[in-house]
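Trainee: I would like to learn how to read helix packing and pockets in a model. Please take one feature at a time.

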Amino acid sequence: TRQEPLGETGLFIVDSVSLYAWTWAWALAIQPDLRNAVAHPSFTRWGDRISRVPVWNDGNSFVTNNIFHPLAGAFYYQYMRARNHPRWLSATETFLQRVLFEYTIEGQYTIPSAQDMVKTTGLGVLLGFLMDELSRKWLRSESKKKKIAGYALNPMYLLPWARWEPDSNREAAVGMHFVMEF
């Protein structure tokens, strides 16, 4: 077994920081309020927002709170699973990423949302877990159609830095290489 120079803790930190950077990039791309807040920063306003008790009714639509936020949580979970982190650590990372998002990204322009943290983490981890388990099962299949469906269900396995191998049942890291079979 090849050892990673950073060790598992180092890899987790690198993966966590990478995921956080991607989250910032995505948020800046799709949220005009965030772009405006970053262009005109106010640490006083930011501090006032994040020091308040998180709100439940955040003004987001039903679709945003019940579809898009759980999908974001599933994305966080699937990213960490594709990097071959254990289920429990992938779920923990989903929670950490959402709290960071609410307090450091959305906190730039709004009060953190308890509903977002609960639904992104709770429903997102459940959705991510189900999608990942089915994806891994299909990726181990001999069927080309199932393999394609497996990658569609968790496209994180298509990333060149994915560390999980379809022929492995191990939860620990197995190295930094990519395997894709058709």
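Mentor: Start with handedness: a crossing is left-handed if the near helix is turned anticlockwise from the far one by less than a right angle, and right-handed if clockwise. Helices (H or I, at least four residues) are DSSP runs, numbered from the N terminus. Here α4 passes α5 in a right-handed crossing. This is a predicted model, where local features need pLDDT of at least 70, side-chain atom pairs count only at pLDDT 80 or more, and totals for chains, interfaces and linings use all residues. Residues are numbered from 1 along each chain as its sequence is written, and side-chain values use heavy atoms, with hydrogens and water left out.

Trainee: At what angle do α4 and α5 pack?

Mentor: Axes are lines fitted to C-alpha atoms, for helices over the stretch in contact, and angles run from 0 to 180 degrees between N-to-C directions. Helix α4 (residues 62–82) packs on helix α5 (residues 87–105) at about 130°, and their axes are 8 Å apart. That makes α4 oblique to α5, given that angles under 35 degrees count as roughly parallel, over 145 as roughly antiparallel, 65 to 115 as roughly perpendicular and the rest as oblique.

Trainee: Which residues in α4 and α5 meet?

Mentor: Contact means heavy atoms within 4.5 Å. From α4, H69, G73, Y76, Y77, M80 and R81 take part, and their partners in α5 include R87, S90, T94 and F101.

Trainee: How do α4 and α6 pack?

Mentor: Their axes lie 6 Å apart, at an angle of about 55°. The two helices are therefore oblique to each other, and their crossing is right-handed.

Trainee: What about α5 and α6?

Mentor: Helix α6 (residues 114–139) packs with α5 at about 145°, with axes 10 Å apart. This crossing is right-handed. Among the residues in contact are F95 and V99 of α5, and V125 and F129 of α6.

Trainee: Which residues lie nearest the centre of the largest pocket?

Mentor: On a 1 Å grid over the protein atoms alone, a pocket is an open set of points where a 1.4 Å probe fits, with protein on both sides within 12 Å along at least five of seven lines; lining residues have an atom within 4 Å of a point. In this model 29 residues line the largest pocket, and W26, I30, Q31, A72 and F101 lie nearest its centre.

Trainee: Which helix gives the most to the lining of the largest pocket?

Mentor: That is α4, with eight residues. Helices α1 (7–30), α4 and α5 each supply at least two.
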